[in-house]
Amino acid sequence: MIGTIVNTLALLVGTSIGCLVKKGINKRYEDVLFITMGLAALGIGWENVTNTMLFTNATLDFVTSMVFGASFGWGMLVVAPVLFCWQGSIYLVAKFLSASFLPVH
């Protein structure tokens, strides 16, 4: 669950920073950043999923949310609670189901 919390905080802080420096990204660089973020997300998707994976994803989301905040504004803050609920529910379902797979002594 700590990974979900870190990822949510990364989105909130990154979006806020991006919104505050909105005028600082040239349109040409913005397009390159979107492509780069897509490739980075693709590379992360190929990795095995572990808790460290969530911290790696939080780092990517932090940078991505700065760019999206600068491009789309404060509305990007809505993503954080949605992400928290989505990842949190996956965590809770996995935790609940893991009890079914524990060996019985």
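Guide: One term to begin with: a contact means heavy atoms within 4.5 Å. This is a predicted model, in which local features need pLDDT of at least 70 and side-chain atom pairs count only at pLDDT 80 or more, while totals for chains, interfaces and linings use all residues. Residues are numbered from 1 along each chain as its sequence is written, and side-chain values use heavy atoms, with hydrogens and water left out.

Visitor: Okay, so what does Ser65 touch?
Guide: Leaving aside residues up to four places away in sequence, Ser65 touches Ala10, Leu11, Gly14 and Thr15. Ser65 itself lies in helix 3, where helices (H or I, at least four residues) and strands (E, at least two) are DSSP runs, numbered from the N terminus.

Visitor: Is Ser65 buried or exposed?
Guide: Ser65 is buried, with a relative accessible area of 1%; buried means under 20% relative accessible area, exposed over 50%, and partly exposed in between (1.4 Å probe, protein chains only).

Visitor: And which backbone oxygen does its side chain reach?
Guide: The side chain of Ser65 reaches the backbone oxygen of Phe62, at 2.9 Å. That is a polar contact, a pair of N or O atoms within 3.5 Å; within protein, one must be able to donate a hydrogen and the other to accept it, and residues adjacent in sequence count only if both atoms are side-chain atoms.

Visitor: Stepping back, how many helices and strands are there?
Guide: The protein has four helices and zero strands, so from the N terminus on its elements run α-α-α-α. Of its 105 residues, 29% count as buried, and among contacts between residues at least 6 apart in sequence, 88% join residues at least 24 apart.

Visitor: What about helix 2, which residues are buried there?
Guide: In helix 2, which covers residues 27-45, the buried residues are Glu30, Met37 and Ile44. They cover an arc of only 45 degrees around the axis, which puts them on the same side of helix 2; the arc is that of the directions from the helix axis to the C-beta atoms. On the other side of helix 2, Arg28, Ile35 and Leu39 are exposed.

Visitor: How far does that helix reach?
Guide: Helix 2 has 19 residues and reaches 27 Å from its first C-alpha to its last, close to the 27 Å expected at 1.5 Å a residue, where the expected span is 1.5 Å times one less than the number of residues.

Visitor: And where does Thr36 sit?
Guide: Thr36 lies in helix 2 and is partly exposed, with a relative accessible area of 44%. Although Thr36 and Thr64 are 28 residues apart in sequence, their C-alpha atoms are 9.7 Å apart in space.

Visitor: New topic: how many aromatic pairs does a search of the whole structure find?
Guide: The search finds one. The rings of Phe68 and Phe72 have their centres 5.8 Å apart and their planes at 45 degrees, so the pair is tilted; rings of Phe, Tyr and Trp (its six-membered ring) pair if their centres lie within 6.5 Å, and planes under 30 degrees apart count as stacked, over 60 as edge-to-face and the rest as tilted.

Visitor: Where do those two lie?
Guide: Both Phe68 and Phe72 lie in helix 3 (residues 51-72), four residues apart, about one turn of the helix. Phe68 is partly exposed at 27% relative accessible area, whereas Phe72 is exposed at 55%.
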